[in-house]
Amino acid sequence: MELSVLLFLAVLMSLLLLLVKGRPKAREHLPPGPHPLPFLGNLLQMDRKGLLKSFLRLREKYGDVFTVYLGRRPVVILCGIQAIREALVDQAEDFSGRGKIAIVEPTFQGYGVVFANGDRWKALRRFSLATMRDFGMGKRSVEERIQEEAQCLVQELRKSKGALMDATFLLQSITSNIICSIVFGKRFHYEDQEFLKMLDLFYQSFSLISSLSSQLFELCSDFLKYFPGSHRQVYKNLQEISAFIGRSVEKHRATLDPSAPRDLIDAYLLRMEKEKSNPHSEFSQRNLILNTLSLFFAGTETSSTTLRYGFLLLLKYPHVTERVHKEIEQVIGTHRPPALDDRAKMPYTDAVIHEIQRFSDLLPIGLPHIVTKDTHFRGYIIPKNTEVFPILNSALRDPRYFEKPDVFNPDHFLDANGALKKNEAFIPFSLGKRICLGEGIARSELFLFFTTILQNFSLASPVAPEDIDLTPQESGMGKVPKKYQIRFLPR
Ligand code: HEM
C-alpha cells in the first residue's frame, strides 16, 4: 500500500475515533448544542451569512444558552437580556475574563486593557479610568473638549458650502480628537496627513475585522494563518499605528516634566518610572503601546461609526430629523452651543440617539469573554477559560422589549407622555465588569455632536429617502454602514 493511502487511512481512523469518543470529560456539562466534528467543530452548521445569523438560527433550536464549536474551541453563546444579565452582572467576577479575537490576536497577545486578563487587566483598567478622568474631567472637562471639537467641525462643514461629501473622515476625526486629547495631549487638524493616514488604517481595519472572511478566520485560524488574507493586512495596519504611537511616546519621554504630566502617556511613563524596580509591574513598554492602541482604536471607530449610521438614518427618516430640529430650536435656540444639561430637557432627541444606537447595533456579537474559573450557570458547568459570547444584538432586537425590533422608531424609547423611557434590554455598551470603559465619553459625544450639527445644518441627500439602503456594508464582529454622500446645508 502506498504511503499516502496509509496516511489518509490513519487520519480517517483518528477522526472516527474522535467522533466516537465524543466530548472530553471536562466539557460534558456544557450547555447543549449541535454535535461538533473533530477539527471542524460546527462549521457545517454555520450560516453563509456569518456568525450572528448562525447563532440566531441555533438559538431557535437550543434556546438562550447553548454551546457551539468554532473549530476546536467550545464557545458558550448567551442570547437575550436575561441570560446576558445573569452571567455578566449576577456572576460578574466569573464572566469577567476576555477571550481572543483571532484576527487581532497576533497584535495584542493579551496586552492592553481590551485584551488583557487577570491582574494585568485590573491594573490597566484602573489606570485608564483614573487617568481618563484626570485628563478628561480635570480643568477642561470632556464636555468642553467635545463642544470645542464640535465647533471646529461646524467651521469645517461650512467650508463645504453645501456640496455633496463623504463625511467618514471628518466624523472619525472628531471622535478621535477627543480620545487623542486625553491620550496624546493634543488634537489633530483635519488636514494632518499622518492623522488621516491613521484614521484610514482604523477604518480599513474595522471593516476587515467585521468582514465575512474574518469570521471564517475565527473558525479556522490555526490553519488559515499560514495563508495570505485579511488577517495579514489587519496585522500590518495595526503595526503601522503602533509605530506612530511609539514615535509619540518617545517625544513624550524627551519632554516629560515629572511635576506636570500633561496626558495619559505622561502619566503612564511616570508610573513606569515609579515601578521600575518591581519585576511584576504591568507598566511595561509593551502594555503602554498596546493600551494606547486599544483606547485610540476603541475611541475612534465606535462613536464615529455610530454617528455615520445615525446621519444615514436621519436622511432616511426626515420627519424624525424635523422633530429633532424643532426640539433644538425650542430648548437650545441658535445663540449658544448645546450642553450636556440640555439632554434632560430633550427627550425626543435623546430617544432618537438611543434608537440610533439600538438600530445600528455596533458590536452585534459583543466582545468575547472567558470564564475565570469553573462556573456553574443555569445547571451547566462551564470549565475555566471557556469562551462566552454575549450576543448584544439578541437584546437590542428583542421583540419582547421593542415593539418592532427591526424598524427604526424612536418611540421605542418614549412613553405616552413623550418622556424618555428606559429599557433594560438597551445594552449597546454591554454589562458587568467589562462594560465599555468609554461609555460616558461616547454618550456625551453622540449627544453633543448630533445636536451641534443639527443646530447648524440641515441634511440632504441625492438619494430619495425610500431608496436609502440601510443594510450594512459589513456585519461580523462589528457592523459598518455603506459609504454615502451627504450635503450639510447651513440653516
Ligand atoms: C458608541 C460608542 C461605543 C460603543 C457602542 C462601545 C461598545 C463597547 C462594547 C460592547 C464593549 C465590550 C464590553 C464587553 O466586553 O462585554 C466595549 C469595550 C470597551 N470600550 Fe467601548 N464602545 C463605544 C465607545 C468607546 C469609546 C469612546 C472608548 C474610549 C474612550 C471605548 C473604550 C472601550 C474599552 C477600553 C473597552 C474594553 C473594556 C475592558 O475590556 O475592560 N469605547 N465597548
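Biologist: Where is Cys436 found?
Modeller: Cys436 sits in the loop that runs between helix H15 (392-396) and helix H16 (439-456). Helices (H or I, at least four residues) and strands (E, at least two) are DSSP runs, numbered from the N terminus.

Biologist: What am I looking at, a model?
Modeller: It is a predicted model, where local features need pLDDT of at least 70 and side-chain atom pairs pLDDT 80 or more, while totals for chains, interfaces and linings use all residues. Residues are numbered from 1 along each chain as its sequence is written, and side-chain values use heavy atoms, without hydrogens and water.

Biologist: Which protein atom is the donor to the iron atom of the ligand?
Modeller: The SG atom of Cys436, 2.3 Å from the iron, and this is the single donor from the protein. A donor is an N, O or S atom within 2.8 Å of the metal (3.2 Å for Na, K and Ca).

Biologist: Different topic. How many cavities of 30 Å³ or more does the structure hold?
Modeller: Four. A cavity is a set of points on a 1 Å grid over the protein atoms alone where a 1.4 Å probe fits but cannot get out, and lining residues have an atom within 4 Å of a point.

Biologist: How much space lies in the largest cavity?
Modeller: About 1,000 Å³, counted as the space filled by probe spheres set on the points. The lining has 47 residues, and those closest to the centre are Ala298, Thr302, Leu363, Leu367 and Cys436.

Biologist: Which helix gives the largest share of that lining?
Modeller: H12, with ten residues. Helix H12 (285-316) is one of the elements that give two or more residues to the lining, and helix H5 (118-137), helix H7 (168-183) and H16 are also among them.

Biologist: What lines the second largest cavity?
Modeller: Arg343, Asp350, Ile353, His354, Gln357, Phe426, Arg443 and Phe447. This cavity has about 70 Å³ of space. H14 supplies the largest share of its lining, four residues.

Biologist: And the sheet, what is the strand order?
Modeller: E1-E2-E7-E4-E3, in an open sheet of five strands with mixed pairing. Two strands pair if DSSP finds at least two bridges between them.

Biologist: Why is one side of E1 left without a neighbour in the sheet?
Modeller: Strand E1 (65-70) stands at an edge and has a single partner strand, so one of its sides has no neighbour in the sheet; strand E3 (97-98) stands at an edge in the same way.

Biologist: How many bridges join E1 to E2?
Modeller: Six, and the two strands run antiparallel. Tyr69 stands opposite Pro74 in E2.

Note on methods: 1 Å grid on protein atoms, 1.4 Å probe; cavity = no way out; pocket = protein on both sides within 12 Å on 5 of 7 lines; lining within 4 Å.
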